[in-house]
Amino acid sequence: MTDFVSLENISRVFGPNLTTGEKIASKLGATVETRSIHAVSNVSLSVSKGETVGLVGESGCGKSTLGRLVAGILPPSSGTVLIDGSPVIKDGVKATTRVQTVFQDPFASLDPRMKVGETVAEGPIAHGLAKKSEANAYAAKWFERVGLDPVWLDRYPHQFSGGQRQRIAIARALAMQPDVLICDEPVASLDVSIQAQIINLFLELTRDLELTTIFISHDLSVVQHVSDRIAIMYLGQIVELGPVDEVFENPAHPYTAALFGSVPKLVLDDHELVRFDTIEGEVPSPLSPPSGCFYHPRCPLADEHCAITGPEMTTIPNSRSVTCHNYQRQLKQK
Ligand SMILES: Nc1ncnc2c1ncn2[C@@H]1O[C@H](COP(=O)(O)OP(=O)(O)OP(=O)(O)O)[C@@H](O)[C@H]1O
Ligand code: SF4
Ligand SMILES: [Mg+2]
């Protein structure tokens with residue numbers, strides 16, 4: 001399969017954005033944070049047409065930032081995002097409608113003052129995908145596609161349940177006829193029973209519409225269910241990438257193993273309901289990432305070399321990519 005979405009050495013740094021007062025205070029010796037946040041560091045990733053890549057990692061590791069970079073909502077500090085060979089951003093502005101996003105909180109992402117039918121049709125009319133005179137029929141088509149009754153097109157967001165609102169947000173994204181969908185925690189705010197319905201809807205739509213998807217979630221079981229490949233992020237970098245079952249069965253990066261081990265488990269024979277093996281150590285600040293391998297202060301396999309030199313990503317074609325010196329050594333010994 002050929003690459004459809006290509007991220008080439010993408011980085012995003014958030015500057016301190018100091019006010020004039022803060023700059024003066026800093027010069028006078030006051031404690032003002034002047035460092036930049038390295039939210040995404042040198043990420044390269046290729047996604048094939050119709051493929052779903054799940055993106056996981058601890059809070060603050062840069063998942064949403066990476067999603068926003070691919071969606072063209074945020075310009076990168078360096079590097080390029082291409083969709084089907086064309087840049088997503090030109091001169092700092094989103095240059096395509098071919099990528100759309102579904103966010104975690106549908107209530108926040110829908111305009112409370114707009115009828116939902118108008119919300120779904122607004123973008124397509126603005127971009128010439130639908131005629132104004134056909135707005136209602138166009139919105140109705142997408143309402144039906146996501147399992148909603150078009151008689152509700154004249155209602156407002158507050159008149160729907162959380163699951164229905166997320167269906168409206170999906171309809172709004174799909175009405176733009178994208179090739180690529182970025183889903184950022186799309187079921188995290190929903191009841192468990194509703195989550196399953198929305199996940200099944202995603203699976204059906206991505207298959208039928210041949211969507212290329214990046215699916216961000218804290219929930220490893222959701223990611224395992226929906227993804228073809230999984231990417232594990234740590235402190236702004238992808239540390240492991242591979243076919244989802246292969247990675248779950250045999251995680252190769254020490255952080256992946258720790259992340260999977262930290263999922264609560266039901267252990268009935270010990271009369272224990274839940275076991276929670278937390279990952280050793282604190283997540284370092286993206287304001288000052290550690291030297292060498294970013295994971296070395298927490299890694300049980302770290303040696304002196306790991307603290308000095310960061311590992312390059314090693315890729316086995318059609319299989320795994322791993323960013324770890326120890327993995328590279330293991331490969332050489334085989
Ligand atoms: N607009 C911004 N300005 C400054 N810092 C930001 C901005 N957006 C994100 N960050 C910082 O970048 C880092 C990565 O944030 P991001 O939201 O991408 O993480 P995440 O993996 O999506 O976290 P979560 O799982 O909690 O949603 C964090 O340290 C965050 O504080
Ligand atoms: S490079 Fe070293 S510190 Fe980093 S994950 Fe591998 S063994 Fe651990
Ligand atoms: Mg996020």
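I count a residue as near a molecule if its C-beta atom, placed from the backbone, lies within 6 Å of it, and I keep in mind throughout that this is a predicted model.

**Ligand 1.** With that cut-off I looked up the surroundings of ligand 1 and found Phe14, Ile37, Ala39, Gly57, Ser59, Gly60, Cys61, Gly62, Lys63, Ser64, Thr65 and Pro286. I sorted this shell by residue type and noted five nonpolar, six polar and one charged.

**The open sheet.** I then followed E2 into its sheet, where four strands are ordered E2-E1-E4-E5 with antiparallel pairing. The edges are E2 (37-48) and E5 (86-87), each of which pairs on one side only. Between E4 (residues 78-83) and E5 I noted two bridges, with Ile83 partnered by Ser86 of E5.

**Strand E11.** Next I asked how many of the residues of E11 (residues 229-234) are buried, and the answer is six of six. In a regular strand the side chains alternate between the two faces of the sheet. For E11 I therefore checked both sides, taking 20 or more other C-beta atoms within 10 Å as buried: Arg229, Ala231 and Met233 are buried on one side, and Ile230, Ile232 and Tyr234 on the other.

I traced its partners as well: E3 (residues 52-56) pairs with E11 in the parallel sense over four bridges, whereas E12 (residues 237-243) runs antiparallel to E11 and is joined by six. Ile230 is the bridge partner of Gly54 and also has Gly242 of E12 as a partner. In the hairpin of E11 and E12, with two residues between the strands, I noted that Leu235 takes a positive phi near 50 degrees.

Definitions and conventions:
Residues numbered from 1 in each chain as written. Chains lettered and ligands numbered in written order. Predicted model: local features only at pLDDT ≥ 70, side-chain atom pairs only at ≥ 80, totals over all residues. Pairing = 2+ DSSP bridges. Nonpolar A, V, L, I, M, F, W, Y, C, P; charged D, E, K, R; others polar. Buried ≥ 20, exposed ≤ 12 C-beta atoms within 10 Å, placed from the backbone.
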